[in-house]
Amino acid sequence: MRGVEGDRLAHWEGRPTPEWEGDWGVPHFEAWSAVRSTNDRVRALAERGLPPFTVVVAEEQTAGRGRAGRHWASPAGLGLWLSVLLPAAVRSGPGPTALLVGLATCRAVERAAEGLSARLKWPNDVLLGERKVAGVLCEATPRGVVAGIGINVRQRLLDFDEDLRGRAVSLQMAAGREVSRARLAAALLGELQRLLASPPARLDGALAGELARRDALLGSEVLVEGAGPGVARGIDAAGRLTLEVAPGEVRTVVAGSVSVVKGERP
Ligand code: BTN
């Protein structure tokens, strides 16, 4: 089978996989010991006509990918490596979709590990403090958008590659206790269904308020790939980053990687 490198598992987190379908209210759920990328597996299932909210997890990804063609380390058993097919009404490309998936991930992290506060680093990194705990990769396919979410759950510091140790964190490290992947997946799928079953066209009202509250870049001096330096002034209703490039001069950025030059500035 294309993209598959391990075995399909009959059980996940101690229960038969069909039971999870019932619990989560999803039409199809597959768990694998190893795949190249769960996004590829969901794409293959979508091509076969499987419906929205088809879900795939893998214990390990051998070619997990992040944004901009980057590698996403997905070691066996240490994270939640999950992809889900979004409904056809969900538009691809940068903008609200990836941010809604990011918001769903923030909420799920807080539900599964009470006491933590998750923030969103535009466009789709989830942070605990200044460190990245999760990332989102939305990919368009002819059958709809595949949302891939990677959440670091059980790593200890030394489980991360050396270059990531200053920037990455797991839920277990941040919470100081074990965090259940089953609880995390349930919370994540619940939030994804709530936010994306019939997605809002604009991020306004309460969603805009939540985005502002979770915006890790707000007020920071940043460097945006392709747009240059500026001060991050929030996320607009279309999901674009508002960048103040000079006093009073504002530009909106549709996509790009952001690095923080200096923390929050009024
Ligand atoms: C990023 O931060 O650059 C995005 C990382 C996305 C990783 C997830 S893990 C599940 C899904 N499968 C992949 O190959 N990537 C996403």
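A nitrogen atom of the ligand lies 2.8 Å from a polar backbone atom of Arg65, a polar contact (a pair of N or O atoms within 3.5 Å). The protein covers 98% of the 420 Å² of accessible area that the ligand has on its own, as computed by the Shrake-Rupley method with a 1.4 Å probe. This is a predicted model, in which local features need pLDDT of at least 70 and side-chain atom pairs count only at pLDDT 80 or more, while totals for chains, interfaces and linings use all residues. Residues are numbered from 1 along each chain as its sequence is written, and side-chain values use heavy atoms, with hydrogens and water left out.

| Residue | Ligand atom | Distance |
|---|---|---|
| Ser37, side chain | oxygen | 2.8 Å |
| Arg65, backbone | nitrogen | 2.8 Å |
| Lys132, side chain | oxygen | 2.6 Å |

The ligand is surrounded by 19 residues, each with a heavy atom within 4 Å of it. Strand S9 gives the largest share of this shell, four residues. Helix H2, S6, S9 and S10 each supply at least two; helices (H or I, at least four residues) and strands (E, at least two) are DSSP runs, numbered from the N terminus.

Ser37 also caps the N-terminal end of H2, with a side-chain oxygen 3.1 Å from the backbone nitrogen of Asn39. Seven of the ten residues of H2 (38-47) are buried, that is, under 20% relative accessible area (1.4 Å probe, protein chains only). Among them are Thr38, Asn39 and Arg41. After H2 comes Gly49, whose phi is positive, near 95 degrees.

How values were computed. Buried < 20%, exposed > 50% of the residue type's maximum accessible area, 1.4 Å probe, protein only. Polar contact = N/O pair within 3.5 Å; in protein donor to acceptor, adjacent residues only side chain to side chain.
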